[in-house]
Structures are given as structure tokens and as C-alpha cells.
Amino acid sequence: MARISRDEYAKASGVFGLAPGGVQKQEDLEKVPEKPCGLCRHFMESAWSSDGRGSCKILKEGSDITTDPPVFVLEGKDGYMLRILTDATRCTHYERNEFIDKDGYECSDPAFRRFIRQLRDK
Amino acid sequence: MAATAETVKELEKKQEWWWAAEKKRSRRLDYLRKAMWKKGAIGGLYPAGLQIDLERPVMQTEKAKELESSADPYVIKFAKMLAHVLDNKTIFITDRSQLVGYLGSAPNMITWDPTLAAILNHEVFNDPDSLPQPLDESLKVIRDVTNYWGGKSDLDKILPHMDLGDVMKVLSGAIGWGVPLGRGGYSGKDYEYIMTGVRAFEDIIEELDRRIDEADARSHRFDASREISDLIDKINNWEAMKITLEAGIRHARRYARLARIIAENFESDAVRREELVRVAETCERVPAKPPRTLQESLQYDLFIQLFSRNEAIEGAWPARPDFYHGPYYERDVNIRKTLTREEALDLVGEFLIRAAEVSQYKPKWAREGLQGIEGTWVWTLGGVKKDGSDACNGMTIALLQAARLVRVANPTFAFRWHPKVSDEVMRECFECIRQGLGYPSMRNDPVLVANAMHWHGHPIEEARLWVHQACMSPSPATKHGFQPMRMANATANCAKIIEYVFTSGYDHVVNLQIGAETPPVETLETYEQFFDAWVTQMKTIFTILVRPVNRARILAPKLTPRPFLSAVSERSVESGLDVLEPSISRGNAWITAFTWVENIDSLAAVKKLVFEEKKYTMAELKEALLNNWEGREEMRLDFVRNAPKWGNDDDYVDSIMLDCLKAASEFSHEIKCPSGNNWPILPENVSGNIHYANIVGALPNGRRLGDALYDGGISPGPGLDKKGPTAVLKSCSKIDHVTNGRAFLLNQRLSPTQLSGEKGYQLWKTYMKTWADLGIDHVQFNCVSDETLRSAQRDPEKYQEVIVRVAGYSAHFVDISRKTQDNIIQRTVQGL
């Protein structure tokens, strides 16, 4: 497999909050939009962590729901990476999830668990 | 509460060991045990009352800002930051305690190190329950600290130097966990250097001064060479080591001063005043000078562990407390008789409690994978000395007895069984198991000494000094043998191997191409082709996980140095190189193989039902798996019931286990660590089988997405070992426990009723003899009845103290998620 380019990495790592230049400020992470991706049934939290990373089960790499108009790429391989608090107001694929696990103490249920403080009362 | 009127005997008869222990232990131990805050997460979240400590991150950030424009190299800046924390953090002494030291500023505080990873800091910010009140003020502090460390944390510094494709796949969390960091993982210690009573911090400082002076003189001769240039780095490293040791001595003396202040000004009880003076004298003595008594020895060890955890997140606690504290126990209790056995037991019990309360903020995946505990504090007991003679001593027995009194879930013990272990010690081990602690796990010492020599070339005298590096893997606590950091991300979620055979490496859970693009599974015409695809996926996953670890070990000495751990390591003090420098380490790497047996049962099912009986086509099976068996329940049950399963002494499936291990062990010799040594696999699970339940898709063994995975290692699937304990052992004995892998975890559940009385001990002893004769390297037992466990699910308040063996560690039953609880209950209870 070919190695990932630094541009691709920079883009992805911006989402991941990893690259020095792309680290998201906490102020941004505190703004909870009306329709955050974290409450969408198509959002898959990163299996590794609960720092807010994840990907979309519908949209593929190359999508951008933050622009106006948004870009929806439905064909391709790798999923579109985003964060719990990404604003999905413009996403026409958004479907609000029904949560089962209300207190977050049960584990291994990424689609349903409530792990971030900012979404607690949503 | 317990029915207090009942006698110890009555409680023991009812097998309510926890209430019996409460009555049997001393008033001091009872107080200390109840004053302890449990730190393990319940399921994935920290329990109510625990709070993230903001004192330390603020201190680190202030000091880092202050040092930004200093002329110091990074390693010295880092050492000064560590010293700043040790000099200024809040300290306290718990009432009635004789041992002091804690990471946080209060007993309910969990320390958070913001210098490690920006993504960890985001988790702190997101944590719904553990932020101190008032929330707005805490959030402001966290925001400021996190903003400062964004881009400056260890992970931020190290990842751009990695293969970026590997990084993305590792950070997806699908195939492994953890990150490749020199300051986050499992740190061994060079106990042969630091814990033998020969030297302590002042002796090392003296040696460092001498080396600095010599190097300084040498580097200023009329000469210029690479060697002279390297001396500058070495001098910096030695200076950084010295800074941390001096800070350690000062920190201990802060406790001495506090103890004296309390004794002289606040304590009215004369006996306690004397104890506090003894605490003060102890902390004035250690870690500056070598210990002379059991109390000093335990305190010295505790300080070293805490200083090391001020430097890094340590998810394990490799230790051999009976071996290194035993001589002091012997001297105080049996020779000088300055301590009674009961007094010694108080100290030993408190040592367990002090270790149990250690806590560092960890990401949620770690909390889920290690439910109910803070980390794998698996302490090694028993075994042999360098010359091969029995190493058990009075301290071995004291530790096993103290464990039954304080009943902490962490640390747990693993006992190095060998043919010369006395019956007295075996009975003590058995009592712990019978009383439901789930530990000690039993390790076959001759097999594991041979294994350490085979895989990593440890000389026999060093191999005999091995300790558990984490749950299972042996590592000698010697100059070149000890492992300074085992990075957790070489932990493979192996069920993905078979899953990726069906998806050509695409991961449908995290929406990424992670595995190899093997041919579409429906095009594979023979079982051999199918197995080849499995081998390709296995190699791909192992490679993706191992490469970042290798890279991080190479980068670590410069980017993420460990001056304190270096300072207590002979090879670093001698060479001036950071302890993480691979060239001065023999290497002791291993790949933890989570969710391994699913592969074996799945391969057997495909071989039988698809290739041999042709009941289903591969295309049908692929479609059923992609649809999570929906609408194909009958087919699923066929794969569950009518395919052979591991653990029943059935050569059909057992031979597949051997084929898989052979392929993995051959590959283990091909991939090398930066020290040039091998990467053997080690099947075990902790509670990763629950963490990964929703991350692993449907499998050909009949498992659905979301179902708990097997409990791990080479343990058969819960309820799938239908032919009794001997059949399980016989299946396991077909594996070569020296050459097929590093170690193999085996969970067994035994009936508490059957183990009662002398007859129970004799039954267990016979079982253990069979186990040893068959050359199996590990076994651990759960010995709590279904009835008790179900009662604990119904009425958790009443059963707070029930402990179970999860996998590689023990936990209080009420602290693990419902899914994990059910998984333990489902395990087959073996009648002996």
C-alpha cells in the first residue's frame, strides 16, 4: 500500500487534533451546535478514544459538511472523518439518534454511549 | 452491612470471605482499607467522588512556560519540571498510616499529566463526571492548560516522525489500543540495581557527579570526535538524572517534616506520636540512603514507584516484593525480632493499600479495557533465585495472608510455581484462590525461564530473576534485561484478522481500509488459500502495530526522555544514555494478542462447514457476516453448534490453533525490535473482550457484532468447553509454551463448594500437578459461585467487596460493566 501523503495526513490530523498547526482550541470544542454529529445515528466514534473523534457511516472521504453548499461524497472507501461537535446543520443525511445508555457507565456501545460533558443534556 | 453478630467461622462457612476479612484484620488495616478511595473505573467511567486533580497540570504548565526561554536542553527542562512538581505538590499523611506518598493532592484525586497527548487532554475536557466543582473554574483551568500543551505534548512531537498511514490506522482504535509513547505504558525497573540494599539515591548522585566530572574533563581535551560530541548529551542526561534524584530526596523530606509537625503539634495519642516520628525517620533515611528495616524498604520502594509515575503514565507495576523486601522481613521478624508477625502484616497490608490507591487519568479505552482497576499491578511472587534455588520466604507468605485481609483487587499476585515450592506456600496460594480473590495466577516457572531464554536470549541467571512486565509477560529485573517501557499499542485486536479476511481488509466499524487487500473471500477455492489470506491479514495487523512502537523507541531518548527512570537504572547511569535507548537494552518486546481464539473457532467452522461439508458457500457466509447474521439465525446456530470448538481436546480444531501459532511465531522471528530482538505473541485479553465487542463485526464462529468476545488468551469460549477441565488442559498442552509464543493466558472457573476443606486443597493440588506436568505456562481461577455473582448483580450495595478474576487481573465485581459480569458468569464451572 502506498504511503499516506503529508497533505492527507494534515487534513485528517486536523480533525484528530493532532498536528501542531491543526490543534483545535478548546474554545471551539465547547461550542455545541444545534445538530452535532455526535448525536447522529450515522456517527461512529473512533474505537480508540473518547476525545471526540469519529467518522461518518454514510459520507466518504472528500465530503465537507461545513461549507455552504456542503459537499456530499457517497462513493469511495474511507469514511469522512469528523468530530462529535462538528456542526451538521447542513447535512441532509443527519438523523438524530435515540440513546439507550443514559448514564454512560455501560461500555462497549459506541453508537449509544454518552461520553462527553457537552452533550450531556442534549 | 454485614451481619456483625456472626462469627468469623460462620462467615467463612457461608463463604462470605469479605465480611470475615473485615473481622480478622487489625483495626489499623480496617481503617486504612476503608479510608482508601477505589480508583478503577466502573465500566468506562470513574465512580462518583473521584476528581481530576488540577494542581499538577497547573504546576507543570507554569514551569514549562518559565523554562521556555532558558538555555537548558529539553531533558533538563523536563527534569526541572518534574522537580518542581515534587517540591510543590500538596502532600498529606493518612491517619494511622505508616507508609506515605500519593500522586494527587488529596486521596480522591486522579492525577492528569497534560504533557503526554493533546487527545488525552481533550478527553479530560470532555469528561462528564470527574471535573472538580465549580465547573466553570475547572473548565477555564483545563482550557488554559490544554491550549498550552496542544502541539507541544509528547504525542504531538512524535507522530509527525512516524509512518503517517500507520498512525491513522493505529489511532482508529480498531486493531490495537494505546499510543507509541516513551512516557505511557508499562515501565519495568532495574530492581537488581536499586532494590538490593547496596545503593540508594545519594550513592547514585555521587556516581553521577564522578561521571560528569570525568566526562567534562575528557570533553575539554585537545580533541574533537563523535565521542566528544556525544559526551555533551551524556553530561546533560546525567545532570537531568541528578536533578530528579535530588528532588526525590527533598520530596521524601517534606513528608518527614510534615510527620514531625503533626507529631509535635497535633497528635495527642502517644503511640501514634511515636509512629509519626518513625515515619519521619523513615523518610529522612530513604530514598537518600539504603533501607535498613522492612518499613524503610517498603517506603523506599513506594517512593521509587511514585516518582516514576510522576514522570510517566505507568499502566503496570512490574514488581517482585517478596524477593526484594523478604530479607528485611526476615531480619525484622525472625532475626532481630523488632517486629511481630502481626505488626509486619500491618505494614505489608498497608503497602498493598498504598499501591491500590495509585491513580493516573487514563483515556476511556483504557478504562474500559481495564474495568474496575487502575492498571495491571500484577506483582510476582515465588520463583527461584539466580542460582535456581527456591526464592520463597516469610514475605511471600505475609503478602498472601495480607491480601486476604485487605482484599484489594489491585495489586494482584502471580505466583511462579516450580517443583521446589513448599506445601506451606502452596496452601497459602490456594487459600487466596479459594477465598475468591482470583489471584495469585499460577505461572510455570521452569517453562517461563526457558521461554525467556528462547525468545529474547536472556542468560539463565537473568531469566530466573523475571517479573511480570504487565499481566503475563516475563521480563528480568536486571541491567540489560529489564524493559523500561512496553508501549501498549502493540496490542492486537486479533479477531480483526479473521474479520478482514471477509472484508479484504476494509473495516466497516471505523470506515477505513486497515488490513491487507486480500482477494475477495468468495474467490478463495481451498481452505489453504483461505488460511493464507488469514496469515496475510495477521502479518499486516502485527506490522502496523509494531512499526510505530519501534519508531517511538528509537525517537524516545531525544523526544520523550525519562531522566528519573534512567537514574535508577544501572545501564543509564553507567552509559549516560537515556533508559529508553534501545542499544543498551537486550529487548523484551511482545505483541499482546487480544481476542485470539475467535480466529481458531472461526477457521475451524469455515473449514468444516464451507470447504469440507459444503453446507454453505463462501459468498453466503460473507453476506451473512456483513449483515450481522440477520435473517440467518439457523445458519448462525449451525456455526455455533456444529463446528468444532477449541478446548475440548479435539485435534481437528486444536491443530488449527497450532497452525495459527506456528505462523505467528515464525513471523515473530522476522519482525525485530530496535534492540534487534524478537516480537513473540502473547494471547490474553484483560477486559478488551468487552471493549472490542462493538468494534469487531460478526464472525464465522457464530458471534454477532456487539456480543462479548471470548475472555481471552487460550481460554475456550464461555460455555464452549464441554468436555471438562482435563480436556481443556489437554488442548492447551498441545501448544509448545516455550516456542509458540511468549505466554498463554488460561481462565478457569472452579466450584467453591468443591474446593472447601482439606479435600478441596488436595483436588486442586492434583489439578495443579497435571497442569505442571503438561507444561502449560499459566492458569488463573475464579472461585465464586453463580449464586453469589447473581446476588451481587441484584444487590450490588451488599456485595461491594466480591472480587472476580477478569483476565490477567482481578476486579471488584460491582465495578465491571453488566456485559463483563455476564461474560464471567457464562464461563464454564469446571468440576475437578
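Predicted model: local features only at pLDDT ≥ 70, side-chain atom pairs only at ≥ 80, totals over all residues.
Let's start with the core. The largest nonpolar core holds 285 residues, and B:Leu352, B:Leu545 and B:Ile591 have the most contacts inside it. Helix α23 of chain B, spanning residues 527-559, supplies the largest share of this core, with twelve residues. At least three residues come from each of domain 1 and domain 2 of chain B.

In chain B, three strands make an open sheet with parallel pairing, ordered β10-β13-β14. Since β10 and β14 of chain B each have a single partner strand, they stand at the edges, so one side of each lacks a neighbour in the sheet. From one strand to the next, the twist averages 30°. Three bridges join β10(B) and β13(B) in the parallel sense, and B:Thr491 sits opposite B:Thr592 in β13(B).

| β10(B) | 491-493 |
| β13(B) | 591-594 |
| β14(B) | 681-683 |

Finally, consider helix α31 of chain B, residues 725-733, whose buried residues are B:Pro725, B:Val728, B:Leu729, B:Ser731 and B:Cys732. These residues lie on the same side of α31(B), because they cover an arc of only 160° around the axis. What do the buried residues of α31(B) pack against? Their partners in chain B are the helices α29 (651-670) and α32 (757-773), together with the strands β15 (747-750) and β19 (829-830).

Technical notes:
Residues numbered from 1 in each chain as written. Chains lettered and ligands numbered in written order. Core = buried A, V, L, I, M, F, W, Y, C linked by C-beta atoms within 7 Å. Buried ≥ 20, exposed ≤ 12 C-beta atoms within 10 Å, placed from the backbone. Helix = DSSP H or I, 4+ residues; strand = E, 2+ residues; numbered from the N terminus. Domains from an automatic or database assignment. Pairing = 2+ DSSP bridges. Axes fitted to C-alpha atoms, helices over the stretch in contact; angles between N-to-C directions. Arc of directions from axis to C-beta. Contact = placed C-beta atoms within 7 Å.
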